[in-house]
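I'd like to walk through one model, so let me put it up on the screen.

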Amino acid sequence: MAKKNGSLMYKCSSCGYSQPRWLGRCPECGEWNSMEEIIIDNTKAGALFTNSNETQKAKPVVLSAITAHENARFTTGISEFDRVLGGGATKRSAILLGGEPGIGKSTLLLQTAAEITRNFDDNQVVLYISGEESAGQIKERADRLQLDCSKIQILCTSRLEDCLDAMNVLKPSLVIVDSIQTVYSLEAGLIPLTINQLKYCSNEFISWIKERDSVLIMSAHVTKEGSIAGPKTLEHMVDTVISFERNNDDIRFLHAQKNRFGSVDEIGIFSMSEKGLQGVTDTANLFITTRNSEQPCGVACTPVFEGSRVFLVEIQALTVPAKASVSRVYSEKIDSLRVSRIAAVIEKRTGLCFSDQDIYVNVGGGVRLTESSIDAALAAALYSARTDLKINSKIALFGELTLAGEIRTVTKPKQRIKASQNLGFERVISCDSEPKNDKIHDIKELIKAVFSEK
């Protein structure tokens with residue numbers, strides 16, 4: 001019963017005796033019904049992880065008979081990283097970290113490797129595999145950051161077989177691959193950095209991790225559009241996909257695009273300094289501009305939720321006459337389709353024309369906004385930019401705007417109002433606000449409440 005690259009055998013579960021045909025009784029030890037199917041893999045790939053090339057044949061089982069176990073986690077020692085992961089790194093999980101060059105991926109991974117060893121036993125180690133930097137460069141960074149690297153094993157190679165051999169010997173609790181695009185294997189072809197190499201090498205690392213109580217973190221290159229370079233299949237193979245982004249300042253944003261063991265709504269915020277990446281704990285007023293003068297036109301503040309945290313952000317809008325009578329929307333941190341929809345609702349319900357204007361929208365601090373609660377503030381900012389009427393700097397707004405011009409309630413309104421008031425905002429305008437003059441139900445009431453003093 002020959003197979004491609006392998007053959008089917010029967011092995012006794014008691015004594016290990018094997019032969020090509022099934023028997024009811026083992027002729028070696030005499031046990032009944034102990035012969036189980038195994039596959040003998042004749043390729044080198046079959047013996048990469050074990051000393052034997054025998055593979056137990058997988059058999060289906062009843063789902064109700066499975067005993068569910070909670071996923072064991074251990075903290076990385078970096079609170080903002082743990083927040084994005086859902087409370088810590090889950091054992092037997094694969095994490096993919098993507099970010100543009102120079103953003104600090106290697107710094108974050110080295111800091112994680114050093115911090116996570118604080119709670120390790122004497123027999124636990126971290127294996128740091130680098131295909132981009134030399135051991136001297138990594139040690140120089142560790143000294144600059146003043147990190148304890150006594151339990152970190154460094155392997156500077158791009159050859160997959162060398163990595164797997166080291167993993168089999170050390171049996172590390174955490175494996176870091178920086179980066180996965182640099183790893184190659186002759187089993188996947190003679191040309192490195194190809195899509196086949198990326199998929200094959202990633203699958204080998206992930207297969208090794210799934211059989212042990214270890215965690216795999218792989219850094220990945222990104223394209224100029226910001227997506228992870230290579231096939232989308234790689235993102236399906238791992239358990240968690242994390243994106244590392246930054247604004248124009250020294251602020252870095254870490255958020256999960258996929259997480260099998262936690263929420264994708266959490267966001268980690270770091271600041272880059274000479275001592276590496278430092279977590280930003282007080283994020284409430286991180287994105288609000290402090291001004292000594294009056295707030296300019298086209299600026300509105302709104303409270304937003306990112307996971308379990310709420311902070312105030314500043315939405316900035318600008319309108320100018322369209323060039324060549326073709327209007328365009330320029331918006332990077334807010335979806336341009338959302339901006340066009342809000343402008344169309346204002347034009348339809350209030351008569352203020354935007355169809356002959358180019359619209360520019362930005363978010364202070366560079367954070368990307370996706371939730372619907374920003375509609376009210378975005379509408380106020382667009383109206384202010386178009387009419388040159390300033391919004392009081394002590395006003396915060398939130399609410400979802402429908403195509404009919406209605407303002408709908410959003411999740412956790414009390415927390416949003418409380419956070420705004422704690423930061424000194426005297427009025428919070430929404431459909432859940434009190435007193436009555438700050439409660440709105442449609443776009444016309446919104447404009448009247450915000451611009452009534454004007």
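How many bridges join strand 17 to strand 18, and in which sense do the two strands run? There are eight, and strand 17 (residues 299-306) runs antiparallel to strand 18 (residues 309-321). Before I go on, the housekeeping: this is a predicted model, where local features need pLDDT of at least 70 and side-chain atom pairs count only at pLDDT 80 or more, while totals for chains, interfaces and linings use all residues. Residues are numbered from 1 along each chain as its sequence is written, and side-chain values use heavy atoms, with hydrogens and water left out.

On terms, helices (H or I, at least four residues) and strands (E, at least two) are DSSP runs numbered from the N terminus, and two strands pair if DSSP finds at least two bridges between them.

Back to our hairpin. Two residues sit between strand 17 and strand 18, and glycine 307 in that turn has a positive phi of about 70°. Across the pair, cysteine 301 faces glutamate 314 of strand 18. Strand 18 also pairs with strand 20 (residues 357-363), again in the antiparallel sense, over seven bridges. There, isoleucine 315 stands opposite valine 363.

Isoleucine 315 brings us to the core. By nonpolar core I mean buried Ala, Val, Leu, Ile, Met, Phe, Trp, Tyr and Cys residues joined through side-chain atoms within 4.5 Å. Buried is under 20% relative accessible area, exposed is over 50%, and partly exposed is in between (1.4 Å probe, protein chains only). The largest such core has 49 residues, and Ile315 is one of those touching the most other members, along with Ile334, Ile346, Leu369, Leu382, Leu397 and Leu446. Helix 8 (residues 375-387) gives the most to this core, nine residues. Apart from it lies another core of 33 residues, including Phe74 and Val126.

With contact meaning heavy atoms within 4.5 Å, and leaving out residues up to four places away in sequence, leucine 397 touches Cys301, Ala376, Ile429 and Leu446, among others.

Now helix 9 (residues 413-422), where Arg416, Ile417, Ala419 and Ser420 are buried. Down the axis, the buried residues fall within an arc of 165°, so they line one face of helix 9; that arc is taken from the directions from the helix axis to the C-beta atoms. They pack against strands including strand 17, strand 18 and strand 21 (395-397). Turned away from the buried side, you'll find exposed Lys414, Lys418 and Asn422. After helix 9 comes glycine 424, with a positive phi near 95°.

Last topic, charges. A salt bridge here is a side-chain nitrogen of Lys or Arg within 4 Å of a carboxyl oxygen of Asp or Glu, and by that rule there are 19. Glutamate 133 and arginine 141 meet at 2.6 Å, N to O, and both are buried.

What about arginine 341, which partner does it have? It bridges to aspartate 375, with the closest N and O atoms 3.8 Å apart. That pair links distant parts of the chain, 34 residues apart, with arginine 341 in helix 7 (residues 336-350) and aspartate 375 in helix 8. Arginine 341 is partly exposed at 28% relative accessible area, whereas aspartate 375 is buried at 1%. And finally, Glu80, Arg83 and Arg309 are linked in a network of salt bridges.
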